[in-house]
Amino acid sequence: RAKGVLNKFALDGQVAVVTGAGQGIGRSIAHALGEAGAKVAVADLEFNRAETVAAELQAKGIQSLAIKVDVSKKQECEDMVQKVLSAFGDLHIGVNNAGIVFHSDSEDTSEQEWTRTMGVNLNGVFYCCQAEAKHMLKKGYGRIINTASMSATIVNHPQRQVAYNTSKAGVVHMTKTLGTEWCDRGVTVNCISPGYVDTELNRSELLLQVRTQWLNETPMKRLADVEDLVGGVLYLTSKLSNFTTGLDLIMDGGFTC
Ligand code: NAI
């Protein structure tokens with residue numbers, strides 16, 4: 001009986017694309033989806049990273065493809081989906097995870113910092129959702145998961161990241177909007193909102209300085225490991241989440257409680 005319900009997490013025969021999968025959270029999600037049975041396209045701005053992760057997956061016997069993409073460019077997102085369809089013939093799962101952060105006082109945030117952050121974190125997620133959904137809506141099935149952040153909901157003052165926080169709030173509301181618009185045609189859209197995860201994104205000088213403060217403020221008294229997020233993603237990609245759409249799944253060790 002236990003096996004029956006666990007089988008509902010299996011992704012055998014499905015095809016997934018994960019952006020920002022060259023390292024960190026995206027890499028861990030790519031491994032998890034592959035281990036659950038999916039063929040995985042590993043998409044990243046840094047092609048060498050994507051190739052490395054695709055090779056890791058292939059070494060585990062998972063069919064995988066490396067794709068170079070700058071998600072801030074709509075045409076590149078469309079090309080990414082076309083490459084997945086050419087290689088694997090279908091697309092069931094899109095994990096739109098690529099994201100960047102700059103740290104500066106709000107009054108000094110430059111136009112370049114603002115527009116690049118919005119370009120990658122907000123426009124990029126939308127362009128990927130659109131490109132993926134065009135195929136999924138035709139087929140009547142799709143699971144889209146966007147990576148937002150607990151910074152969409154709360155402001156942790158010393159971080160100085162107005163553009164990032166604003167972009168992530170946009171991702172949450174975009175997810176609710178698309179998740180309700182497409183769900184009666186078989187495509188659900190949900191997002192995950194991690195708390196502090198121990199990745200390169202959090203290893204800037206400023207963030208290393210506030211690490212102890214974060215640990216103290218997180219009820220679990222630790223940063224997340226990338227593996228801590230995998231269960232939530234597998235739920236959202238599985239048949240067990242059939243009635244879930246527009247959800248912001250916060251995984252933050254209790255930080256925002
Ligand atoms: P990371 O910096 O370790 O990895 C991000 C990956 O995205 C890199 O491989 C990078 O090359 C790629 N990338 C950057 N710009 C891109 C673009 N324009 N097009 C395609 N790929 C691009 O970051 P991490 O920590 O793995 O973050 C992944 C996502 O999780 C981001 O959206 C981030 O905002 C979000 N997040 C991270 C948290 C953390 O504490 N690390 C907390 C909450 C959310």
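## Meeting the ligand

Which residue has a polar side-chain atom 3.0 Å from a nitrogen atom of the ligand? That's aspartate 70, in a polar contact (a pair of N or O atoms within 3.5 Å). Lysine 168 also brings in a polar side-chain atom, 2.9 Å from an oxygen atom of the ligand. With leucine 45 it's a backbone N or O atom, 3.2 Å from a ligand nitrogen. On its own the ligand exposes 830 Å², and the protein buries 95% of that (Shrake-Rupley areas, 1.4 Å probe).

## A word on the model

This is a predicted model, where local features need pLDDT of at least 70 and side-chain atom pairs pLDDT 80 or more, while totals for chains, interfaces and linings use all residues. Numbering starts from 1 along each chain as its sequence is written, and side-chain values use heavy atoms, leaving out hydrogens and water.

## Who's around the ligand

The ligand is surrounded by 30 residues, with Asp44, Tyr164, Val197, Thr199 and Asn202 the closest (a heavy atom within 4 Å counts as near). Sorted by class, that shell has 13 nonpolar, ten polar and seven charged residues.

The ligand takes up the space of the largest pocket, which holds about 910 Å³. A pocket here is an open set of points on a 1 Å grid over the protein atoms alone, where a 1.4 Å probe fits, with protein on both sides within 12 Å along at least five of seven lines; lining residues have an atom within 4 Å of a point. Its lining counts 44 residues, and Asn97, Ala98, Gly99, Ile100 and Leu201 lie nearest the centre.

Note on methods:
Grid points are joined across faces, edges and corners, and a volume is the space filled by probe spheres set on the points. A polar contact is a pair of N or O atoms within 3.5 Å; within protein, one must be able to donate a hydrogen and the other to accept it, and residues adjacent in sequence count only if both atoms are side-chain atoms. A molecule sits in a cavity or pocket if more than half of its atoms lie within 2 Å of its grid points. Ala, Val, Leu, Ile, Met, Phe, Trp, Tyr, Cys and Pro count as nonpolar, Asp, Glu, Lys and Arg as charged, and the others, Gly among them, as polar.
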